Amino acid sequence: MRAYDILIKKRNGDELSEEELRFFVKGAISGEVPDYQLSAWLMAVWFRGMTDAETTALTLAMADSGDRNDLSALPGHKIDKHSTGGVGDKTTLVAVPVAAACGVLCPKMSGRGLGHTGGTADKLEAVPGFRTSLSREEFFSVVQKCGMSLMTQTGNIAPADKKLYALRDVTATVDSLPLIASSVMSKKLASGCDGVVLDVKAGSGAFMKDFAEAEALARQMVRIGHLARIRVSALITDMDKPLGLTVGNAIEVEEAMLTLRGSGPADLRELSLALAAEMIALSSGLEVASCRKQAEEALDSGRAFETFQKMVELQGGDPAALEKPFPLSPCRMELRAPVSGYLNRMQTEEIGNTAVLLGAGRSRKEDAIDLGAGIRIHVKTGDYVEKGALLCELFAARESMLEPAVERYRAALTFSETPPKVRPIIFGTIRE
Ligand code: URA
């Protein structure tokens, strides 16, 4: 088999066989297929797409390219949750303790942020003393004691995806439906969970800019899960504005803790409860409506917050710190409304990029981040403001970082005299 022949086939729009895809994935890892051929192949896939059979075969080949986590020592259904990436998305910090407080086993490995989207592993470093790096034994022991553990990804999970993702990043081929579906699902299959709830974001802050694309991605991932025999449900949710009222690390953890204690923003509460209800349903097989009631009870009674505090304590962190404001970076700047009117649009990717300029995110994998940097949002799409009203506060380590960031945020906003149509937080749910 030759990479060149496979390239011609894909370039011409023909379907690749499972063997051909396995050959390519194996070659990506071993170096036998060089980066220039992999890049050409990615671009051909971007233009030609993939059939269902090809996407599933690619997913399985990538899932098999490294280690598969063995979670069988934990008795019961292990349920994961995955977001396709957004701005201000801290739902893992709320939905997972809610589900765990309802008896779901959640051994969750989380990633770091890259580009305009944040990562849970970074956010958790803002909790004093909390360790995100655990041995396998510690990870299992924490899950057994409180139903959940959040740690950074370890082991050699789906290395072919790592390789291909890095090439996609520099060849303008990230936003391809079969490539995103196989990338996400290969990692989920290798993570060893029995079920996964996907939060597929749609809008200006997401990879999928429109609802139809996000829905197609959700359907594709649910189908792959079905073929690979893990339970998957997917929520299609709004990312045309940031989620909640904060973007950053410490500032987002503080907001998530407020939500667990009953006083967070409505959109974050709603989405977290919906995700938790799906997790409970996948684990128990019960109707989602009754799972939703369980989730609300766990949140409103404080049991979910206690679960999170317990996990923090077991992983070396200070549970009392979760009840106090988190320290933010010392330099602060306000942005005020230039006109009276409705906030018509927030170009959300640019708001994520503003957070990167403040030091809250990284442009390159090796960049360090400032946990105290971030954005506190006071006005969101659909709100009416008078000229001069406070739109947001920006926090950074150095004064010089503030001006470019505030300009970027300002440019991301559009005002209008009439109210815009405000989208619901959840557009739909795809189940098997
Ligand atoms: N998240 C992933 O893990 N992979 C993608 O391709 C896009 C989002």
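Met43, Trp46 and Phe47 make a nonpolar surface patch of about 310 Å², where a patch consists of residues with over 30% relative accessible area and no salt bridge, like charges being joined within 9 Å and nonpolar side chains (Val, Leu, Ile, Met, Phe, Trp, Tyr) within 5 Å. A salt bridge here is a side-chain nitrogen of Lys or Arg within 4 Å of a carboxyl oxygen of Asp or Glu, and accessible areas come from the Shrake-Rupley method with a 1.4 Å probe, with only the protein chains shown counting as cover for residues. The model is predicted, so local features need pLDDT of at least 70 and side-chain atom pairs count only at pLDDT 80 or more, while totals for chains, interfaces and linings use all residues. Residues are numbered from 1 along each chain as its sequence is written, and side-chain values use heavy atoms, with hydrogens and water left out.

**The sheet**

- Four strands form an open sheet in the order β6-β9-β11-β7, with antiparallel pairing; strands (E, at least two residues) and helices (H or I, at least four) are DSSP runs numbered from the N terminus, and two strands pair if DSSP finds at least two bridges between them.
- The edge strands are β6 (246-248) and β7 (331-336), each of which pairs on one side only.
- From one strand to the next, the twist averages 15 degrees, with axes being lines fitted to C-alpha atoms (for helices over the stretch in contact) and angles running from 0 to 180 degrees between N-to-C directions.
- Strands β9 (residues 374-377) and β11 (residues 390-396) pair in the antiparallel sense over four bridges, and isoleucine 377 stands opposite cysteine 392 in β11.

**Helices on the sheet**

- Helix α16 (residues 402-411) lies across β7, β9 and β11 and runs at about 30 degrees to β7.

**Two residues and their surroundings**

- Aspartate 122, found in helix α6 (residues 120-124), is buried with a relative accessible area of 4%, since buried means under 20%, exposed over 50% and partly exposed in between (1.4 Å probe, protein chains only).
- Leaving aside neighbours within four places in sequence, aspartate 122 is in contact (heavy atoms within 4.5 Å) with residues including Arg112, Asn249 and Arg362.
- Arginine 345 lies in strand β8 (residues 341-346) and counts as partly exposed at 35% relative accessibility.
- Arginine 345 and lysine 421 are 76 residues apart in sequence and 9.9 Å apart in space, C-alpha to C-alpha.
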